[in-house]
Structure formats: structure tokens, C-alpha cells
Amino acid sequence: MLLGDSGVGKTCFLVRFKDGAFLSGTFIATVGIDFRNKIVAVDGVKVKLQIWDTAGQERFRSVTHAYYRDAQDIYIYIYLITGYAFCDTDRAWLTEIHEYAQQDVVIMLLGNKADMNNERVIKQEEGEKLAREYGVPFMETSAKTGVNVELAFLAVAKELKHRAGRQPNEPKFRIHDYIESQKKKTSCCGFL
Ligand SMILES: Nc1nc2c(ncn2[C@@H]2O[C@H](COP(=O)(O)OP(=O)(O)OP(=O)(O)O)[C@@H](O)[C@H]2O)c(=O)[nH]1
């Protein structure tokens, strides 16, 4: 389930993953909730992801709440690196996800629009710090360039496959460690 304020790029993030395209131009806000499926191969096993795209606008918040308990596994909270400094809103979102979601869920924190480095307001280190505070994996992404989009969903798919049944000799999958080992880092001037 993708969560976050209106305009952070949730729909674009999903479309980038699903269709490999970037929706530029006029911004059309999501109304209520929408979902798309995609099947990905993880270590030779097909995993079907059903990804729910929620509306970020405040007036749809009650709709989003109604779906929290149904979205069983993974919550991806997206903020904007160009938006505004971290504030109570972001903490309120993360705390709320913990409260509304079922136990044993994975929450991931993503800083989107990393391609807009020139207009950056939130430093990468600040995102890392917030993620540490909540004990969640973190990375910066761009729906425009595609950076780390595939990785975020692949990590989700791996987590789900692992939950569905681990082979006897298979080591425990740690989504946090996996993301840290795979993610592309951004620098002050763009992606390394
Ligand atoms: N430069 C840049 N623009 C982006 C990126 N992701 C989204 N956008 C733009 O940001 C605007 C909002 O994107 P959406 O994906 O519709 O935002 P949303 O979070 O789904 O918004 P709601 O549906 O209202 O919750 C659009 O104009 C996109 O083109 C990105 O990674 N980089």
C-alpha cells in the first residue's frame, strides 16, 4: 500500500514500476483508492504483487483508513525531498501506519523526486535519521528516472516470498539489509 501526502508521486511511482513509463504533465490527483497488479519473478518463483495506490488528499483520509487493515503486508510511505522539512505530518503518518496496520507488517520510507536535487530541501541523511527513528528501511527514489523503483518492489516481493515459505536451507530474508546492500546512493550532484 502506497501512502503519503498528495503530489509526492505515489501514482507515478506505481506506473513507473508497472509500465516502465513516467507520467509527466498535468497532475491528476487520485480519488479514493486504486490498485494494480504485477507479477515479478523472485529466485525462480512468481510473486503476484497487488499494489494499492491511495489518495493523499486530506478529504480521502477516511477511505485510506478503511483499507489499512486489509492491506496485509507492506506499507510504503513516500515523502518529497523537495517539499518541506520533516514535520509532525510525517511522524503522524508513520505513527498512524503503526497504529492502524496489522501486527507484523513491513513499513518502508521513501524520499521521492530525487532527480530534483537542485530543489532539494530534505537531505538524504535526514531521511536516514527518520528511518532509524522508526526502525524502517529507507531509500531515495525517482519515478521520473526510475532510480530505486524496481528495487523497492523487488524487496517487497522477496519479503512476501519469504513469508509464504522459506526453504529449509534458505537464510532468513532481512528486507532492511537487502535494501542497504542494493540501493543506489545519491550524491549532492545526482546519482552515483
Ligand atoms: N521530477 C519528478 N516529478 C515527479 C516524480 N514523481 C511524480 N512527479 C510529478 O509529481 C506530480 C504528482 O505525482 P502523482 O504521482 O500524481 O502524486 P500522488 O502522490 O499520487 O498524488 P495524490 O494522488 O493526490 O495522492 C506529477 O505532476 C508528477 O509528474 C519524480 O520522481 N520526479
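Predicted model: local features only at pLDDT ≥ 70, side-chain atom pairs only at ≥ 80, totals over all residues.
Q: Let's start with the ligand. Which residues come nearest?
A: Ser6, Gly9, Ala29, Thr30 and Gly56 do, out of 23 residues around the ligand.

Q: And which helix gives the largest share of that shell?
A: Helix α1, residues 10-19, with three residues.

Q: What's the shell like by class?
A: There are 11 polar residues, eight nonpolar and four charged around the ligand.

Q: Back to α1. How do the axes of α1 and α5 cross?
A: They cross at roughly 80° and come within 9 Å, with α5 being residues 149-164. So α1 is roughly perpendicular to α5.

Q: Which residues meet there?
A: On the α1 side, Phe13, Arg16 and Phe17; on the α5 side, Val149, Glu150 and Phe153. By class, that contact has four nonpolar and two charged residues, and no polar ones.

Q: Switching topic: where does Ile122 lie?
A: In the loop between β5 (106-112) and α4 (124-134).

Q: Is Ile122 buried, exposed or partly exposed, and why?
A: Partly exposed, because 19 other C-beta atoms lie within 10 Å, and buried would take 20 or more.

Q: Which residues does Ile122 touch, leaving out those up to four places away in sequence?
A: Ile81, Ala85, Phe86, Gly111 and Gly127.

Q: What about Tyr79, how far apart are Ile122 and Tyr79 in space?
A: Their C-alpha atoms are 9.7 Å apart, while in sequence the two are 43 residues apart.

Terms used: Residues numbered from 1 in each chain as written. Near = placed C-beta within 6 Å. Helix = DSSP H or I, 4+ residues; strand = E, 2+ residues; numbered from the N terminus. Nonpolar A, V, L, I, M, F, W, Y, C, P; charged D, E, K, R; others polar. Axes fitted to C-alpha atoms, helices over the stretch in contact; angles between N-to-C directions. Parallel < 35°, antiparallel > 145°, perpendicular 65-115°, else oblique. Contact = placed C-beta atoms within 7 Å. Buried ≥ 20, exposed ≤ 12 C-beta atoms within 10 Å, placed from the backbone.
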